[in-house]
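Hello,

Here is the structure I promised to pass on. Please open it first, then read my notes below.

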Amino acid sequence: MREAVLQAAGDALAEHGFAHLDLAEVARRAGVGKTTVYRRWGTVTALLADLLEDMAEQSERRTEMPSLLANLEANATLVRRTLTDPRQGALFKAVIAAATCDALAAEALHRFYAARVAEWAPCVQQAAERGEVPADTDPEQVIRAVSAPLYYQLLTTGTPLDQAAAERAARSAYEAARAGAFRRDQ
């Protein structure tokens, strides 16, 4: 039942956006009773939070690459692919919008990113151990620096996120990390 409802919610979100997401319509699409949906999720933002959690569980896992730059490029490519996906991109826009005024959506968004950053941070730590970046580099800040320009472009410019944007984001974070921009406070 959860899978069917989450699928229906994602479809509705991709088609109509957050403003038109309706629990009764999601229930109809999923082929379940609307009381079931209301009892389990209660609000649209609770459903969005669960959809985001499901996306985190289904998200492509990091593959070890031979260098920090290659790892950051893989991360940027994954972020770009996710944000340009008609379904997932719409979900992220909706959750980000909801997070500005709903604590449950904000908490779900924070959990999602904490998990994604934690998954990618070890590649920065390994790069520090190899001497690619200063030993006291903050891995989480480097990973956030990769995705930040991509989210900014998505939300503020409306211009397409192409692979060149992903490569620029990865290279910028890499060069900044090598230069010591992400060193932990002493």
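In which helix is Arg80 found? Arg80 sits in helix α5, which covers residues 68-84. Keep in mind that this is a predicted model.

Let's stay with Arg80. Is Arg80 buried or exposed? Arg80 is buried, because its relative accessible area is 18% and buried means under 20%. Look next at what surrounds Arg80. Neighbours within four places in sequence are set aside here. Arg80 is then in contact with Leu150, Leu161, Asp162, Gln163 and Ala166. With one of these, Gln163, there is a polar contact, side chain to side chain, at 3.1 Å. Arg80 and Pro122 are 42 residues apart in sequence. In space they are 21 Å apart, C-alpha to C-alpha.

Now the aromatic rings. The count comes to 5 aromatic pairs. One of them joins Phe112 and Tyr113. The ring centres are 5.1 Å apart, and the planes are at 85 degrees. That pair is edge-to-face, because the angle between its planes is 85 degrees and anything over 60 counts as edge-to-face. Phe112 is buried, with a relative accessible area of 8%. Tyr113 is partly exposed, at 23%.

Tyr113 also pairs with Tyr151. This pair is edge-to-face too, with 5.5 Å from centre to centre and 85 degrees between the planes. Tyr151 is buried, with a relative accessible area of 13%. Phe92, Phe112, Tyr113 and Tyr151 make up one aromatic cluster.

How do α7 and α8 cross? Their axes come within 7 Å and cross at roughly 120 degrees. That angle makes α7 oblique to α8. The crossing is right-handed. Which residues make the contact? On the α7 side they are Tyr113, Val117, Trp120, Ala121, Cys123, Val124 and Gln125. On the α8 side they are Pro139, Glu140, Val142, Ile143, Arg144 and Tyr151. Find Tyr113 and Tyr151 in those lists. They are the edge-to-face pair from above.

Best wishes

Terms used
Residues are numbered from 1 along each chain as its sequence is written. This is a predicted model: local features need pLDDT of at least 70, side-chain atom pairs count only at pLDDT 80 or more; totals for chains, interfaces and linings use all residues. Side-chain values use heavy atoms; hydrogens and water are left out. Rings of Phe, Tyr and Trp (its six-membered ring) pair if their centres lie within 6.5 Å; planes under 30 degrees apart count as stacked, over 60 as edge-to-face and the rest as tilted. Buried means under 20% relative accessible area, exposed over 50%, partly exposed in between (1.4 Å probe, protein chains only). Helices (H or I, at least four residues) and strands (E, at least two) are DSSP runs, numbered from the N terminus. Contact means heavy atoms within 4.5 Å. A polar contact is a pair of N or O atoms within 3.5 Å; within protein, one must be able to donate a hydrogen and the other to accept it, and residues adjacent in sequence count only if both atoms are side-chain atoms. Axes are lines fitted to C-alpha atoms, for helices over the stretch in contact, and angles run from 0 to 180 degrees between N-to-C directions. Angles under 35 degrees count as roughly parallel, over 145 as roughly antiparallel, 65 to 115 as roughly perpendicular and the rest as oblique. A crossing is left-handed if the near helix is turned anticlockwise from the far one by less than a right angle, and right-handed if clockwise.
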